Amino acid sequence: MKTQWKISPYLYILPAFALLFLFRMIPVAMSLVIGFFEWGITGSGTFIGLKNYIAMFKDEVFWKSLSNTVWFVVLVVPASIILPLIFANLLNQITKLKSLFRIMYFLPYVTSLVAVSIVWKIIFSEQAGLANSFLGLFGIAPLGWLAESTGIFKLIFGSGWPDWLGGPSLALCAISIMTIWKSLGYNTILYLAGLQNISKVYYEAADIDGASKFRQFWNITLPLVSPTTFYVLIMTTISSFQAFSQVYLMTDKGGPLNSTKLIVYYIYERGFDALDMGYASAVALFLFIILLILTIIQMRGEKKVFY
Amino acid sequence: MQAKIRLGIIYALLTIFGLFMIVPFIWMISTSLMTQSEFNKQEAVFVPKEEYHVWNTDAGQRRILVVQAEKDSTVIHVLNKDLKIEREYIKVPSNAIEQVVKKPSFHWENYKKAFKKVPFGIYFKNTLFVSFVSLIGVMITSFLAAYAFARMEFKGKKLIFLLFLSMMMVPAPIYLISSYMLLDKFNWLDTYQALIVPWCVNIFTIFMFRQHFRSLPKELFDAAMIDGASTFGILWRIVLPLSKPIIATASVFALIGSWNSFMWPLVMTNRPELRVLQVGLSYFNQEASTQTTLLMAASTFSILPILILFFLAQKQIIASTAKTGMKD
């Protein structure tokens, strides 16, 4: 087919393009500027320059939500790489019942975050929750979970531990556990696909050389799935920065003591509870910049050949 | 021998991990079938059971509530068939009282009660309506755009494609507030349009279709061109029938996505009549936070359709998930 000026290709793209332009490109462009205005819920805004941004940098709750979010990423991301890698390796070694296990692991990923958040909220309830019943099997005293605002390091090392080194609250850890569980199956499937692409020849050669299974995993598997690891690392980080529903459903407005207030929940709260849309948009733009940097890292990294 | 032990350990580990993954679901279902007091007591964690007392009289057994038990005599309330109190504070000999444990005992009425409290029927209908109308929209816009991207040459193709790609990268929380303001300008807040029209385009689906169209043999299109078929004719008569499997897979993904979407409908609608299932469930979560068993019943009910869809299409879902993670 020759390249020529024709009207029809544009007609084919038009419906998708029009919708994207109206409902994606315009809002994205708007979100770049709304932060410089003071907006009520409706009507027109007043230009106030950098005032929202200055207020944001002075806002303790903003910093709290940002540090919560960073802790949340630190808690969720490593586990979302290591556990799926283990699961996928185990799954890759069996033939029977493989699809049954895959279904079991994948199930949480397809179910709605709203429903499973409610279920996990009840699992973590102090009185009759499954988490405390489980700990009880090992003789461990019931924990406060979602009601516990104390940092986990302080809980572990006792009351002599300094407050500022307390770390993420137990409540935030509970939310992290649920989040890890939710996406575990998805990452496992990605790793499984990555493992199946590794040629058996490497392992056969290693067997002949007498390398142990662990050395084979360390020296062959790990380097060869590194593209998947990189993809999972960046994607899980980006999606962890966007967590919202868990906080909305499992906690009382990001409590106790703002210890589970993640940044997207804070955007929601300032925008739709406090109706300060300019400010909320300023926070959103800040988040956008973080995510943009992560996306650029991801695209750069993808081009590099790992092995 | 050693290999067998190894395999045994692998299966054991996989089973333990697998149980951890599905225990929350099992617990959800079993809790949804308990009475609230049984849940609060936490005696039977997984198997709903029922414990009650009966009074053996000459006329037969009666269900009772024990008020105060002593060695010789017990004060009881006698219950009628609907378990309402019929006669209060009667003193009877203790040896006529017997404890009964029925196991398992399923309280399906929790589902009825949850339905009575909240109009889940309306939410369900709203979700179905929004999901299916936007699905049709997504299929039409994606099919056309993907065909142009895969099989046509035109100026600015690369640039437009890149623009689509970059829009896919922007996460929803970023444009949530600006979208709210935009829909407000359209007077679309609190309408079905707000839930449907912006979601009638799905860049991920466009990619899936584009990939598929590129995999179809070129000769197919050439032959049709020689026969004098129009581009649209080719699309309708040749490409569409060959795309049924990919349409099915893409539909499943789009349906799961729109069924589970929460933040957008939460923000864009307010009227109870417009609530979709996820939003309705979140309101129920606030209103009935102490009625654990009803919450569990509602949760079970809300994920059931997606579970059925997943079990029917799990092979395709898992296979395409594996593919999307891999770059070409």
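## A partly exposed methionine

Met263(B) counts as partly exposed because it has 19 C-beta neighbours inside 10 Å; on this scale a residue is buried if 20 or more other C-beta atoms lie within 10 Å of its own, exposed if 12 or fewer, and partly exposed in between, with C-beta atoms placed from the backbone. The model is a predicted one, in which local features need pLDDT of at least 70 and side-chain atom pairs count only at pLDDT 80 or more, while totals for chains, interfaces and linings use all residues. Residues are numbered from 1 along each chain as its sequence is written, and chains are lettered from A and ligands numbered from 1 in the order in which they are written.

Met263(B) lies in helix α12 of chain B, residues 263-268, where helices (H or I, at least four residues) and strands (E, at least two) are DSSP runs numbered from the N terminus. Leaving aside neighbours within four places in sequence, Met263(B) is in contact with Phe244(A) and Ser245(A) as well as with Ala172(B) and Leu176(B); two residues are in contact if their C-beta atoms, placed from the backbone, lie within 7 Å. Tyr111(B) is 152 residues away from Met263(B) in sequence and 26 Å away in space, C-alpha to C-alpha.

## Where the two chains meet

The contact between the chains takes 79 residues from chain A and 71 residues from chain B. On the side of chain A that touches chain B, the largest share, 17 residues, comes from helix α1 of chain A, residues 8-33. The residues of that side divide into 59 nonpolar, 16 polar and four charged, where Ala, Val, Leu, Ile, Met, Phe, Trp, Tyr, Cys and Pro count as nonpolar, Asp, Glu, Lys and Arg as charged, and the others, Gly among them, as polar.

## Domains and sheet of chain B

Chain B is divided into domain 1 (2-41), domain 2 (50-102) and domain 3 (112-325), with bounds that come from an automatic or database domain assignment. The C-alpha centres of domain 1 and domain 2 of chain B lie 38 Å apart.

Five strands of chain B form an open sheet in the order β4-β3-β2-β1-β5, with antiparallel pairing; two strands pair if DSSP finds at least two bridges between them. Strands β4 (85-93) and β5 (97-102) of chain B stand at the edges with a single partner strand each, so one side of each is left without a neighbour in the sheet. Five bridges join β1(B), residues 50-57, to β2(B), residues 60-69, and these strands form a hairpin with two residues between them; Val54(B) has Arg63(B) as its bridge partner in β2(B). Five bridges also join β2(B) to β3(B), residues 73-79, in a hairpin with three residues between the strands, where Ala69(B) is partnered by Thr74(B) and Gln68(B) by Val75(B).

## A pair of helices

Helices α5 (residues 157-169) and α8 (residues 203-215) of chain B pack at an angle of about 135 degrees, with their axes 9 Å apart; axes are lines fitted to C-alpha atoms, for helices over the stretch in contact, and angles run from 0 to 180 degrees between N-to-C directions. The contact is made by Phe164(B), Met167(B) and Met168(B) of α5(B) and by Ile203(B), Phe204(B) and Ile206(B) of α8(B), and by class it has six nonpolar, no polar and no charged residues.
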